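Welcome! Please take a look at the sequence and the model below, and keep them open as you read this short report.

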Amino acid sequence: MKNYVKHDPDTCMKLLEECEMFRKVPPSGLAEIASKMKYRVLERNELLLRQGESTDRFFLLESGDVRRTFKDRETERTHNVEYEIRARSIGAMRVIEGSPVYSTVKCVSDSCKVFEMHRDDLLTILKRDPELSIRIVEGLCEDIRRGSRKYQTPLLQQKQQEVNIPAVSIAAGIESYYRSALNSILNTRLTGVPSQLFPNMHIQVPSRISYICGFKALRASLDERVDPDVYEYPTSVRLAAAVAPGIIMTPISSLLEASNAGHLNSEPIYKRWIRGIVPRAGREVVFGIGLNQLSDYFEERVESFFPDNVIMANALGSLMAGVVSGYFSHVPHNLSTFKLMEPHRPYGELYKMFVDKSVPPAVDRMVASWPPQAKRWTRATVATLFPRGLTIRTTQIIGSFIILNGTINLLQMREWKKIERVARGIQLS
């Protein structure tokens, strides 16, 4: 090991806060512990702890990579050790008891920068301030509970987190450009007529911001004001509350769609926006449930795979919700688009047009000699289950969910961290 070097106490404090043992220790106690820690720099292959030796110290890893290996004395086989809780502490769980080191730990990067504390120094602090021992036990108990619990909130029972309107607005503004481009590509795919990627953005951006903020605010308002459990049929009430934001926000969505359709429908926008509003309402219901409840539903179920990466869990939950929403909203989206672009045609003709555009030539050849009714039903089924443009539509929804939920969560996390820093400063003062 290299000589001790001077370290930054703020960095040490931050690492202590992240350590499962010290999460409940107040700032004053963390500062006292940090003052006794020493900063060391290890070279590649240098050992921090050796299996079987007494745990007389623990480490906090500031940078670098370490490998833990356990040698089974019965089989003489060596195993790499991975923990469910991926903390940056090394030996912390055994240092108070001083029990033998479970696995050998060595530096496997060019260098490893660590904070080190000897067991005797830690025990001296704990004897002087028994309250710290209680806080350490509380932190360890909470970590055990966190590692063993499993969230399984049923669909439609998810609750909206506090709505940060500035964060939602920024996310919606960013997403509006992505959505506009994908919508133009999809409409070109459906109609064969090229369109601009970013038409009427002076209308689209504020409308999209109002639209997304409306979805989030309506969900939060309904969660606060409607208690399904007081009704005779709580599931029906939950479903109605989940559907309502999509129906209420359909007029704004219609304005957005009308902004993209000026190259095929020459009607004034105040007439154009009403075209295709019925299937569009169905599409918005699916979009709203996907953005609100379904994203939370899937995120909750993948959190256990990413315990230390909230952003990844959020992105994967949004991706899964986007796949489901993209699939179920695609047919209503197609019908609303056809109606918007050809308002003089009834929906029956538009659905037939949709089927004709969606059925692959191979299917047409297969059913060419079938009876008319069987042929018609088969073509309609194939078109509905495997519609044309589905990949583009699903990609659009996935991207929108990831951009919206990811940006909102990221901005809110930054805001919470600011609040925590302010609160910590008040406690220290």
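## A buried salt bridge

Glu 257 is buried, with a relative accessible area of 3%; buried means under 20% relative accessible area, exposed means over 50%, and partly exposed is in between, using a 1.4 Å probe and protein chains only. Its partner in a salt bridge is Arg 283, with the closest N and O atoms 3.4 Å apart. A salt bridge here is a side-chain nitrogen of Lys or Arg within 4 Å of a carboxyl oxygen of Asp or Glu. Glu 257 belongs to helix H9 and Arg 283 to helix H11 (residues 277–302), so this pair ties together parts that are 26 residues apart in sequence. Arg 283 also counts as buried, at 3% relative accessibility. Helices (H or I, at least four residues) and strands (E, at least two) are DSSP runs, numbered from the N terminus.

A word on the model itself: it is predicted, so local features need pLDDT of at least 70 and side-chain atom pairs count only at pLDDT 80 or more, while totals for chains, interfaces and linings use all residues. Residues are numbered from 1 along each chain as its sequence is written, and side-chain values use heavy atoms, leaving out hydrogens and water.

## Other salt bridges

How many salt bridges does the rule give? The count comes to 23. One of them joins Glu 131 to Arg 135, at 3.3 Å from N to O. Both residues lie in helix H5, four residues apart, about one turn of the helix. Glu 131 is partly exposed at 38% relative accessible area, and Arg 135 is partly exposed at 28%.

Glu 53 and Arg 50 also form a salt bridge, and their closest N and O atoms are 3.4 Å apart. Here too you can check the accessibility: Glu 53 is partly exposed at 42%, and Arg 50 is partly exposed at 44%. Elsewhere, salt bridges link Arg 40, Asp 56, Arg 57 and Glu 116 into a network.

Let's return to helix H9, which spans residues 250–259 and includes Thr 250. Thr 250 is buried, at 4% relative accessibility. Leaving aside residues up to four places away in sequence, Thr 250 touches Ile 277, Arg 280, Ala 281 and Glu 284, where contact means heavy atoms within 4.5 Å.

Leu 256 is in helix H9 as well, and counts as buried at 1% relative accessibility. Leu 256 and Ser 207 are 49 residues apart in sequence, yet 6.6 Å apart in space, C-alpha to C-alpha.

## Cysteines

A disulfide is a covalent bond between the sulfur atoms of two cysteines. Searching the whole structure, with a disulfide taken as a pair of cysteine sulfur atoms within 2.5 Å, turns up one. It joins Cys 107 to Cys 112, with 2.3 Å from S to S. The torsion about their S-S bond is about 90 degrees, so the disulfide is right-handed. Cys 107 is buried at 0% relative accessibility, and Cys 112 is buried at 0%.

Cys 19, by contrast, is in no disulfide: the nearest cysteine sulfur, that of Cys 12, is 11 Å away. Cys 19 is buried at 2% relative accessibility.

Which residues of helix H4 (residues 119–128) are buried? They are Leu 122, Leu 123, Ile 125 and Leu 126. These residues cover an arc of only 160 degrees around the axis, which puts them on the same side of H4; the arc is that of the directions from the helix axis to the C-beta atoms. Turned away from this buried side is a face with the exposed residues Asp 120, Lys 127 and Arg 128.

## Two loop residues with positive phi

Most residues other than glycine have a negative phi. Asn 45, though not a glycine, has a positive phi near 70 degrees. Look for Asn 45 in the loop between strand E1 (38–43) and strand E2 (47–49). Leu 156 is not a glycine either, and has a positive phi of about 80 degrees. Leu 156 sits in the loop between helix H5 (130–148) and H6.
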